[in-house]
Amino acid sequence: MKTGRTIPQAKRILSNRLMWAACLGATTIAVLVLSALLITIAIEGTGALSWSFLTSFASRKPAQAGIIAPLMGSIWVCAICAIVAIPVGIGTAIYLEEYARRSRIKSLIQLNISNLSGVPSIVYGILALVAFVRFFGIRSADDAWTFGNAESIFYLQIPFGPSVIAGGLTLALVVLPIMIISSQEALRSVPQSLRQAALALGSTQWQVVWHVTLPAALPTIMTGAILSMSRAIGEAAPLLVIGGFLLVFQTPANLMSDFTVLPLQIYNWAGRPQSDFHKIAAAAIIVQLVVLLAFNTIAIIIRQKLQRPLQS
Amino acid sequence: MKAIPSPETNMEQPTTTSTSHSHSGSPTIGEPMTLRNDTAIEMQNLSAWYSKNQVLHAIDLDIAAKQVCAFIGPSGCGKSTLLRWLNRMNDTIPGARATGKIALHGVSLLEPTLDVVDLRRRVGMVFQKPNPFPKSIFDNVAFGPRLHRIYSRTDLEELVEQSLRASALWDEVKDRLTSSALGLSGGQQQRLCIARAIAVGPELLLMDEPCSALDPRSTASIEELIRELRATYTIVIVTHNMQQASRVSDTTAFFYEGKLVETGPTDVLFTTPKERRTEDYVTGRFG
């Protein structure tokens, strides 16, 4: 059966085994590094984990310090980020994929979105500082437009200052490109034949999107949303730029409240010389990971529920 | 098993009439259908382009109501393009445009002001590959009616049953209407797509090679269905399969390189074509 130049049998088997070993090695390294990280954090942090750690405010004494403020801050900021970034991201993706005609402007927008997803998040922090925190300097903080009572949950001031809403909008800016691109890919993966079927039955463009394209793409869009939110909850740099606080002794009460988030608190504690603070930093990291895991679990459950009717 | 006799009767005719080849110049081709039926579709001087590429050249063609008209011709001859102008599906393709006139029951279809959404409700379409939505069988058929704001459960159930009966699928799926349409076989999926199109109550059904992705058995059931639907709907079918055209259609139009070469009653076109190219094509000498 030998024709021309064939690789000898033994050599082929050898190269197969070598590639197998190389790939296994790569996987092992990744798993080892990750588990080393998790184990050191677990060893260092579990001792400091307690109910009072979750429910107390920060303190100068590591034994009494807790993370209620950054935990609630993270939840508020991420909720605002999700409320803004997910609908705007999906809407943009629908416009670009389903409505926009092929044109130079569309390619320009597309190129910009792709580039924006690679911009360092600290740059968004600077933009947000100008736009949300300072409101382009049109009004000063002492002379702000005020809506509602300072005690009310609907209290709002413009400019926002370094508040929960400014933080949420900043993170929304950071994750928007990822959200748009992943939603676009989800929409693009819906077979053209389904759109044609719906159009041929007399659907308007919007009915095609609402009844066919979006339901078919939703599980994948949800995955993109999880990725975006996971990124948002881990961001520290842009929030530092807009003036997120390192020490906060209250949980947010409304959109104008001061806030800190878990990554900022971890950064604060990890930078201190006393080793007791390193322990509570590790404990805060564990909490952060659990929150992340909870996010992903919820999203996976939603995805499974949505996907069921699609399967045969 | 009703499917078997008619192809045979159609296949017999070539042998009986092929001897009288000299009669092929008979000028009465267009008349029988216009006498028996109203005209559903009129096309005059229809030309169509994709960007700068002209794919249809000055087509003049009338299609009778409640008959099956088959478009045949080699790949790239423009027959699918023509079909897709009848419900303006070409609007979705950038650079597609057409000049001339198409009228469906007197309504001009190429007007820029035409409500294409309404047109597509009056013109059902079945595609080459079965494309059921990833929804339940019931929801697939109810999709169109729901677009028309029919929401009452009893109305919908009645309509779904009627449509599935009309597409000869009811007995096979009546016990599993809530299960996914993707679990059906290819032939069943295609009949489901026909049911879905019928449920909107169209006047005209367009079929773009509806059997090309199906096995012979499913093809036979679809062909039988087409013959039954002819009583209610005007049907235009694009096909690559000459036997299929001869089995299911009343009239046939032969296209070549974007031009309508010949049209007439199917038995006449297949047995005594006027044009040399038609004869070469239907006898399998090219294409």
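**Around strand 3 of chain B**

Let's begin with one pair of residues: B:V68 stands opposite B:I235 in strand 8 of chain B (helices, H or I with at least four residues, and strands, E with at least two, are DSSP runs numbered from the N terminus). This is a predicted model, in which local features need pLDDT of at least 70 and side-chain atom pairs count only at pLDDT 80 or more, while totals for chains, interfaces and linings use all residues. Residues are numbered from 1 along each chain as its sequence is written, and chains are lettered from A and ligands numbered from 1 in the order in which they are written.

Now look at strand 3 itself, residues 68-72 of chain B. Five of its five residues are buried, so this strand is largely enclosed by the rest of the structure (buried means 20 or more other C-beta atoms within 10 Å of a residue's own, exposed 12 or fewer, and partly exposed in between, with C-beta atoms placed from the backbone). In a regular strand, side chains alternate between the two faces of the sheet. Here B:V68, B:A70 and B:I72 point one way, and B:C69 and B:F71 point the other.

What does strand 3 of chain B pair with? With strand 8 of chain B (residues 234-238), the pairing is parallel over four bridges (two strands pair if DSSP finds at least two bridges between them). Strand 9 of chain B (residues 251-256) also runs parallel to strand 3 of chain B and is joined to it by four bridges. Along this second pairing, B:C69 has B:T251 as its bridge partner, and B:I72 stands opposite B:F254.

After the helix comes B:R88, whose phi is positive, near 55 degrees.

Of the contacts in chain B between residues at least 6 apart in sequence, 71% join residues at least 24 apart (a contact means C-beta atoms, placed from the backbone, within 7 Å).

Finally, where does chain A come in? The contact between the chains takes 19 residues from chain A and 23 residues from chain B. On the side of chain A that touches chain B, helix 7 (192-200) and helix 8 (205-234) of chain A are the elements that give two or more residues. The largest share of that side, six residues, comes from helix 7 of chain A. Elsewhere in chain A, leaving aside neighbours within four places in sequence, A:V175 is in contact with A:C81, A:A85, A:S228, A:R231 and A:A232.

Conventions:
Contact = placed C-beta atoms within 7 Å.
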